[in-house]
Every structure is written in C-alpha cells, then in structure tokens.
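Subject: Structure handover

Hi,

Here is the structure for your helix-packing work. Please load it first, then read the notes below.

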Amino acid sequence: MKDKVILLVLIIIMLLNLFDVITDISLGVPTWHVVSESLIVIVSGFGALFLIREIRVRTLHTIQLKQELAFSDNKLRDISEEMKNARHEYSNVIHAQFEQWALTPSEQDVAMLLLKGLSFKEISGVRNTKEKTVRQQASVIYSKANVEGRHEFAAWFLEDFMG
C-alpha cells in the first residue's frame, strides 16, 4: 500500500513538472530552468517505472508464496490424516498388548495415562481415586508387563519406533 502511495506521488510530480516544462518552453523560460525541471520529470518517471516493476515482482512473489503455502497446508492436512490413522493403529497395538498382559479395564486406563506422561497425582485426579490406589495399580501393571517402572514401561512401547 505504501509503495502505491509513493508511486502515485511520483506520477503526480512527474505530470505536474511535465506540464510546467511545456508551459516554461512556451513562455521562453531560460534553458537551464527547462533542463532542470525536465530532469525532475525524467527521474520521477524512472522512479515510477522502478516502483511499478518492484510492485509487480513482489505481487508475483506473494502469489507464489500463497500457492506454496496452500500446497503445504494441503500436504500437512494429508500428513495429519496419516498421523491420525497411525495414532489410531498404534492405540490399537497398545490396547492389544494390554489385553495380552491381561490388564483390567481400570489398569488399562491407568497404563494409558502413564504412557501419556501423567504423574500419579494427576492420574488420581483424573480418575477420582486415591494416589495410593494409582501407585498400587501401576505396580501391578509393571509386574504384568515384566518391567521395572514407568520409564521401562514407556520404553517398551517406543522401542519398536527407535529401530
């Protein structure tokens, strides 16, 4: 917007000086004065042309960036769909493993919250149980999974992704 205002001002300066040069020539004003005002017309004309070119280049660049951004957004949407599908599949794998370990529904809830990184206190708040109950359930979960604790439990599920 600022460039367009400057362009408009340059065009106005150029046109006003052009009319002034034409008037000065018809009135017989000294040549040095006509030449100096003609230089103003030429310089403002070149400035206007330069700004027009710059505005076009930036406009085309902006259009290209918008197209690239739209393409990236579509690609990200596709990736997000892939991530949703992968998350759903991974969730199924996790629940299948919980079933294989014979975790109760309550233990499965606690196990999932442990995998999400919640503390015992947070899990007890979410589940409306005592923190001691959550600790006991976590111990049973670790025992059934044959792991030593929370970190090894989480690592068990991440190990396959690490290759």
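Start with helix H4 (residues 120-127) and helix H5 (residues 131-145): their axes come within 8 Å and cross at roughly 110°. That puts H4 roughly perpendicular to H5, because angles of 65 to 115 degrees fall in that class. Keep in mind that this is a predicted model.

Which residues of H4 and H5 meet? From H4 come Phe120, Lys121, Ile123, Ser124 and Arg127. H5 supplies Glu131, Val134, Arg135, Gln137, Ala138 and Tyr142. Sorted by class, this H4 and H5 contact has 5 nonpolar, 2 polar and 4 charged residues.

Next, helix H2 (residues 31-100) and helix H3 (residues 105-115). Their axes are 11 Å apart, and the packing angle is about 135°. H2 and H3 are therefore oblique to each other. The crossing of H2 past H3 is right-handed.

On the H2 side, the contact residues are Ser91, Ile94, His95, Phe98 and Glu99. On the H3 side, they are Gln108, Ala111, Met112 and Leu115. The class count for H2 with H3 is 5 nonpolar, 3 polar and 1 charged residues.

Last, the domains. The protein is split into domain 1 (1-91) and domain 2 (102-162). How far apart do the C-alpha centres of domain 1 and domain 2 lie? The separation between those centres is 61 Å.

Best regards

Technical notes. Residues are numbered from 1 along each chain as its sequence is written. This is a predicted model: local features need pLDDT of at least 70, side-chain atom pairs count only at pLDDT 80 or more; totals for chains, interfaces and linings use all residues. Side-chain values use heavy atoms; hydrogens and water are left out. Axes are lines fitted to C-alpha atoms, for helices over the stretch in contact, and angles run from 0 to 180 degrees between N-to-C directions. Helices (H or I, at least four residues) and strands (E, at least two) are DSSP runs, numbered from the N terminus. Angles under 35 degrees count as roughly parallel, over 145 as roughly antiparallel, 65 to 115 as roughly perpendicular and the rest as oblique. Contact means heavy atoms within 4.5 Å. Ala, Val, Leu, Ile, Met, Phe, Trp, Tyr, Cys and Pro count as nonpolar, Asp, Glu, Lys and Arg as charged, and the others, Gly among them, as polar. Domain bounds come from an automatic or database domain assignment. A crossing is left-handed if the near helix is turned anticlockwise from the far one by less than a right angle, and right-handed if clockwise.
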